[in-house]
Amino acid sequence: MKVEKDLKVEKERDKNLLTGGIFPVLYAVSLPLIITNVIMSLYNLADGLWVAQISMTDFTATSFVWPPHYLFVSLGMGLSIAGTAIIAQLLGQKDLERAESYGSHLFLLSLAIGLLFSGCGFFLAPRIVQWMGAEGVLAEKSSAYLSILLLGFVFEMVFLSFNSILGAQGQTRITTLISTISSILNVVLDPFFIFTREPVFGLPGLGLGIAGAAWATVLSQSIKVLLGAIAVRSEKNLVRLKLRSLKLSTHQFGELLRIGFPTALGQSSAAIGFTLLNSVIVAYGEATMTAYAAVNRISGFLMMPSQGVGSALTAIIGQNMGAGEKERVKSFVRLAFVTATSMAILGGILQWVFRRPMLSVFLNGSGGNSQLVWAQALEYSLYSALITPLMAFFNLFAGIFSGAGYQNYAAYISIGRLWVIRLPMIYLFQRYSSWGSEAVWIAMLLSNVLIDIFGFYLLFKGKWFREPKIKH
């Protein structure tokens, strides 16, 4: 009976990803991811809005420590993308037993790494903030916020493993629901943890300030892990975690690390690059850092739709490559570029047209630096609007190459954008121009243009398509 049930579920999955219409499949897999990304971005906007009510320094601190936090998360993302690609390819080959084994190894590896880095990150956070060049109150606020976020890093790692297992099957609706519940919980908890009396209904709160925002995030992440565990144990989930009967394999641990390493390297290198970039920006003054943070909150939200399409391609390309359906892969790639580019262009236009009302959400309380903050935010908004479609291409390249097993290509474009192009360009502009902080915005735009040209070169060269690295 169990076998018949599994075959029925497997048949339904195949119909969705391997034989369904190109548009319905891309729509069905990417839409929940887009919704998840939008919800997470809305949470970030709301989180920033709550913290901005304390002070602009508190708001700036939450964005200042994003890159080092992302450095830790990038390790989990590397493993998650590797797990998605491997499991999706094995499902495409109808090898359920090995898919389950890899899923179980992915969970254990994520848990172990999460526990290790949660402990290390908590104690290293103040030194990281000091190294980034923050001083005074900004350093104090940043250290408090980052320490707590990294303490809860284990929850992020474990959920990424669940997300990988479900995403490889195209089960993005359940991950969307979980992320929605977690994000809503976070937004609701924030004012109670941050303020002594929450501002909406006047109810008593904990008054923890920026530390409260971090604790609310960690608590919501723990709930997300609980809901993720329920989802992977559900009868609708095809790939089971079989921890009791699992025979540990150093080969499978090694494969996850080997395949995940290029992505983790690319993402972590990007995180280190953004950490260095933040240290460069903060050297121009807190006003510049505040402007940068405010614009990025808005642009990050508007980039979410194209990022969802790119993420969906990893599982779709993986399963269809595993099943040898190369013509379908070509159709998915064409449709993904049309869809993501259209959404990104629209996002860029919205960002520019409504830049003042959107920025006012965060910048109304910028105090004595108000004019300087607004001038720099409006200047950066133009560059950010132009960058939005370029980032859509960047996200699509990452999804396509990862799904085909070419995580090294995704790493090339991630590392190259920051370390080979952007940071050296900023150094040259600072040394040989008088552009001031605008040198950073120009370097960001040009680095995205150049790396997208390289991405299209890898795409049309076609090695990822002719010789996919399929897991046998």
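Predicted model: local features only at pLDDT ≥ 70, side-chain atom pairs only at ≥ 80, totals over all residues.

Glu255 and Arg258 form a salt bridge, with their closest N and O atoms 3.0 Å apart; the term requires a side-chain nitrogen of Lys or Arg within 4 Å of a carboxyl oxygen of Asp or Glu. Both residues belong to helix 10 (residues 250-282), and because they are 3 residues apart there, about one helical turn separates them. Helices here are DSSP runs of H or I with at least four residues, numbered from the N terminus. Glu255 is buried, at a relative accessible area of 9%, where buried means under 20%, exposed over 50% and partly exposed in between, with a 1.4 Å probe and protein chains only.

Residues are numbered from 1 along each chain as its sequence is written, and side-chain values use heavy atoms, without hydrogens and water.

The whole structure contains 4 salt bridges. In helix 13 (residues 326-353), Glu327 and Lys330 are also 3 residues apart, about one turn, and their closest N and O atoms lie 3.6 Å from each other in a salt bridge. Is Glu327 buried or exposed? Glu327 is exposed, at 54% relative accessibility, whereas Lys330 is partly exposed at 32%.

A further salt bridge joins Asp95 to Arg98, at 3.8 Å from N to O. Asp95 is partly exposed, with a relative accessible area of 23%, and Arg98 is partly exposed as well, with 25%.

Conventions. Helix = DSSP H or I, 4+ residues; strand = E, 2+ residues; numbered from the N terminus.
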